Amino acid sequence: MTPGELSPAEYDRFRSFIQKTAGISLSPGRRRTFERKIARRMKEIGVSTFGAYYRLVTDEDGADERARMLELVAIGQTSFFRGDRQFSFVAENLIPEILEKKPVKKRLRFWSAGCSLGQEPYSIAMLVAEKTRAVAAVDAKILATDINEESLRTASRGEYPKAVEEQVPSLYLSRYFKPIKGPSGGYRVRPRLRKLVVFRRLNLLQAPYPMAGPLDGVWLRNVMIYFSQEDKRRILREMHRLLAPGGFLCLGGSESLLGLDDRFSLIRHAVYRKVDA
Ligand SMILES: C[S@@+](CC[C@H](N)C(=O)[O-])C[C@H]1O[C@@H](n2cnc3c(N)ncnc32)[C@H](O)[C@@H]1O
């Protein structure tokens, strides 16, 4: 059964809800695209009218489906070394500083929260591998989580199209990727990089998170756009709890913690450090 056409009035209702809860503005001209995406999702979960789907996502208990809907309307875009100046800053300044402070047991723990198709955690893993090459006995792990299981499956396979050549420096490409044989080409993450990353499903809206920390750094980039101010504060409280003293938090290039949580201090554009209370 198809739900028929999404009327302009129904679309407006969804638009203002999405604007209010996630700060995402959908233009009036996107009605048909929105209708198509939502209708496909409704079919998957057996909801037959747009009205019923609206009730589901606006319900107090509808956090999971709300996140799913936001995922469909927002751009799940990512790339290797996205925001590469931030990655260089972390590699050149923060990772060496953390390693220096751990004189004996060098245990590094990072988290890519909202990891999408895996490019972000594998980029972190490459930096960590590079920075720890000369350091004996480093136990490093990158936890990579997302709400979207399909993205996690793709991420976990670690196979990427040939276009990664444009995102990954050629030295890293040869060190950490193996060309896939066959006409379409592409690359597969090598096992020694893959084993640094642990993929898990985690909905950031479901706090407290099932881990103990302490974490040395968290990448929470381009994911908070999905959440209300209150949800953002709750998520940041969890990040604060899980970070080690002095641990860092990276946001997306257009994001900031202004007015959200003052227990983090800005150390560089979109990079924060936990202020110990
Ligand atoms: C735009 S991508 C960002 C990817 C990466 N962090 C980056 O900046 O390149 C946003 C990701 O957040 C995930 N996401 C959305 N809502 C979420 C939630 N409630 N919990 C966990 N992940 C969520 C989406 O599935 C998507 O993969």
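What follows is a working conversation about a predicted model of a protein chain with a ligand.

Q: Let's start with the overall layout; which domains does the assignment give for the protein chain?
A: The domain assignment divides the protein chain into domain 1, covering 8-73, and domain 2, covering 84-274.

Q: And what separates the centres of domain 1 and domain 2?
A: Taken over C-alpha atoms, the centres of domain 1 and domain 2 are 29 Å apart.

Q: On to the ligand, then; which residues come nearest?
A: There are 21 residues around the ligand, and the ones that come nearest are Thr78, Gly114, Ser116, Leu204 and Arg221.

Q: How does the shell around the ligand split by class?
A: The shell around the ligand consists of 10 polar residues, six nonpolar residues and five charged residues.

Q: Changing topic to helix packing: at what angle do H2 and H4 pack?
A: Helix H2, residues 31-45, packs against helix H4, residues 63-73, at an angle of about 140°, and their axes are 10 Å apart. That angle makes H2 oblique to H4, and the crossing in which H2 passes H4 is right-handed.

Q: What about H5 and H6, where do their axes cross in terms of angle?
A: The axes of helix H5, residues 84-100, and helix H6, residues 119-132, cross at roughly 45° and come within 10 Å.

Q: Why do H5 and H6 count as oblique to each other?
A: H5 and H6 are oblique because their axes cross at roughly 45°, and an angle counts as roughly parallel under 35 degrees and as roughly perpendicular from 65 to 115.

Q: Which hand does the crossing of H5 and H6 have, left or right?
A: H5 passes H6 in a right-handed crossing.

Q: Staying with H5, where does Lys105 lie?
A: Lys105 lies in the loop between H5 and strand E1, the latter spanning 106-113, and Val104 lies in the loop between H5 and E1 as well.

Q: Is Lys105 buried or exposed?
A: Lys105 is exposed, because 8 other C-beta atoms lie within 10 Å, where 12 or fewer is the cut-off for exposed. Val104 also counts as exposed, with 6 C-beta neighbours inside 10 Å.

Q: What distance separates Lys105 and Ala137?
A: Their C-alpha atoms are separated by 7.6 Å, although Lys105 and Ala137 are 32 residues apart along the chain. For Val104 and Ala137 the separation is 33 residues in sequence and 9.1 Å in space, C-alpha to C-alpha.

Q: Now the backbone; what kind of peptide bond runs from Ala207 to Pro208?
A: The bond from Ala207 to Pro208 is cis, with omega near 0°, and Pro208 has its place in the loop between strand E6, 197-201, and strand E7, 215-220.

Q: And what is omega for the bond joining Gly213 and Pro214?
A: Omega is about -5° for the bond that joins Gly213 and Pro214, which is a cis peptide bond. Pro214, too, lies in the loop between E6 and E7.

Q: What phi does Asn222 have?
A: Asn222 has a positive phi of about 55°, although it is not a glycine, and Asn222 is found in the loop between E7 and helix H10, which spans 229-242.

Q: Is Asn222 buried or exposed?
A: Asn222 is buried, because 22 other C-beta atoms lie within 10 Å.

Q: Last topic, the loops between strands; where is Pro183 found?
A: Pro183 is found in the loop between strand E4, 177-179, and strand E5, 187-189, and Pro183 is exposed, with 4 other C-beta atoms within 10 Å. Between Pro183 and Arg109 there are 38 Å in space, C-alpha to C-alpha, and the two are 74 residues apart in sequence.

Conventions:
Residues are numbered from 1 along each chain as its sequence is written. This is a predicted model: local features need pLDDT of at least 70, side-chain atom pairs count only at pLDDT 80 or more; totals for chains, interfaces and linings use all residues. A residue is near a molecule or strand if its C-beta atom, placed from the backbone, lies within 6 Å of it. Ala, Val, Leu, Ile, Met, Phe, Trp, Tyr, Cys and Pro count as nonpolar, Asp, Glu, Lys and Arg as charged, and the others, Gly among them, as polar. Domain bounds come from an automatic or database domain assignment. Axes are lines fitted to C-alpha atoms, for helices over the stretch in contact, and angles run from 0 to 180 degrees between N-to-C directions. Helices (H or I, at least four residues) and strands (E, at least two) are DSSP runs, numbered from the N terminus. Angles under 35 degrees count as roughly parallel, over 145 as roughly antiparallel, 65 to 115 as roughly perpendicular and the rest as oblique. A crossing is left-handed if the near helix is turned anticlockwise from the far one by less than a right angle, and right-handed if clockwise. A residue is buried if 20 or more other C-beta atoms lie within 10 Å of its own, exposed if 12 or fewer, and partly exposed in between; C-beta atoms are placed from the backbone.
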